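I opened my notebook and the viewer side by side. These entries follow the order in which I looked things up.

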Amino acid sequence: VKDRSDRISLTAAHIAEAIGAGEETVEHARRAGYLCKADLMSAMVNEFTDLQGVMGREYATRAGEPAEVATAIHEQYMPKGADGRAPETDAGSCIALAEKLDALVGCFGVGLVPTSAADPYALRRSALGCLRILQERAYSVSLPDLVRLAIATYDELDRGKLQKSAQDLEREILSFVGTRLKHQLSAEFPADVVDAVLAVGLEDVLSVTDRVAALAKLRTEPDFDALAQGFKRVANIIRKQAADVS
């Protein structure tokens with residue numbers, strides 16, 4: 001638990017810097033990450049597991065920690081489900097992202113990958129939680145960069161624990177998170193539109209969502225089919241020329 005707290009603390013501070021938060025928020029995120037799992041050692045949370053995070057906030061407040069730190073400790077588990085509230089503060093959002101990314105990296109890194117029948121570590125929920133935080137907090141930050149941050153933290157603090165290369169791990173996690181995003185967007189937009197946008201990559205989740213909405217709207221325009229056919233012809237010509245050159 002202490003190792004995990006150290007990783008979350010470092011990753012959360014880096015995420016705070018990545019979203020352009022001020023120095024005070026960076027330090028609040030770092031401190032909250034260090035304390036975020038302390039309440040798991042208490043008899044209260046051991047008896048009433050639903051109070052994890054809630055008791056952490058109360059203990060931190062009574063210990064004299066800044067209100068921002070106490071709130072961030074409570075927000076680390078948000079959103080708790082598909083309809084749960086996302087964190088409302090930057091420090092809490094950074095802790096929540098770091099907590100979920102750490103779970104994804106740790107589990108995928110030792111082969112604990114969810115299957116169609118089982119997801120004992122709730123990694124799908126962690127992936128969807130990351131997406132919702134980026135979307136609802138409107139953070140225009142690179143998802144691959146965040147994944148690389150979490151992997152780098154493992155390499156720095158717990159070298160040797162991960163059983164896969166950083167490149168393979170990044171690819172697997174981004175594919176997993178991308179599938180969650182595809183399912184999320186396909187509930188609102190045509191699946192082929194979502195596939196077309198996701199084929200470009202997951203560099204910016206906010207941008208992906210906006211581009212899917214824009215393409216779905218453009219698709220209803222009367223000139224869209226002719227435009228699409230023109231682009232397809234150009235792409236085929238370029239592909240054929242590239243093949244001839246090689």
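My notes go from the overall picture down to single residues.

**Entry 1: the model.** I noted at the start that this is a predicted model. I looked up the confidence next. The mean pLDDT of the protein is 92. I also found that 98% of the residues reach 70 or more. Then I went through the elements. Helix α5, residues 67-75, has the highest mean pLDDT, at 98. Helix α12, residues 224-245, has the lowest, at 74.

**Entry 2: the overall build.** How many helices and strands does the protein have? I got 12 helices and zero strands. The C-alpha trace spans about 65 × 40 × 40 Å along its principal axes. The protein has 246 residues, and buried ones make up 42% of them.

**Entry 3: the largest pocket.** I turned to the largest pocket, which holds about 520 Å³ of space. Its lining has 21 residues. Which of them are closest to its centre? They are R4, E99, A103, Y121 and S126. Helix α6 supplies the largest share, six residues. I sorted the lining by class as well. I wrote down 10 nonpolar, three polar and eight charged residues.

Entry 4: I picked V177, in helix α9 (residues 166-186). Is V177 buried or exposed? V177 has a relative accessible area of 3%, so it is buried; the cut-off for buried is under 20%. A127 is 50 residues away along the chain, yet the two C-alpha atoms are separated by 5.4 Å.

I did likewise for L128, which lies in helix α7. L128 and L181 are 53 residues apart along the chain. Their C-alpha atoms are separated by 7.3 Å.

**Entry 5: rings.** I ended with the aromatic rings. A search of the whole structure finds one aromatic pair. I also looked for a charge over a ring. The charged end of R180 sits over the ring of F176. From the ring centre to that charged end I noted 4.9 Å.

Terms used. Residues numbered from 1 in each chain as written. Predicted model: local features only at pLDDT ≥ 70, side-chain atom pairs only at ≥ 80, totals over all residues. Heavy atoms only, no water. 1 Å grid on protein atoms, 1.4 Å probe; cavity = no way out; pocket = protein on both sides within 12 Å on 5 of 7 lines; lining within 4 Å. Points joined across faces, edges and corners; volume = space filled by probe spheres on them. Helix = DSSP H or I, 4+ residues; strand = E, 2+ residues; numbered from the N terminus. Nonpolar A, V, L, I, M, F, W, Y, C, P; charged D, E, K, R; others polar. pLDDT = per-residue confidence, 0-100. Phe/Tyr/Trp six-rings, centres within 6.5 Å; stacked < 30°, edge-to-face > 60°. Lys NZ or Arg CZ within 6 Å of the ring centre and 35° of its normal. Buried < 20%, exposed > 50% of the residue type's maximum accessible area, 1.4 Å probe, protein only.
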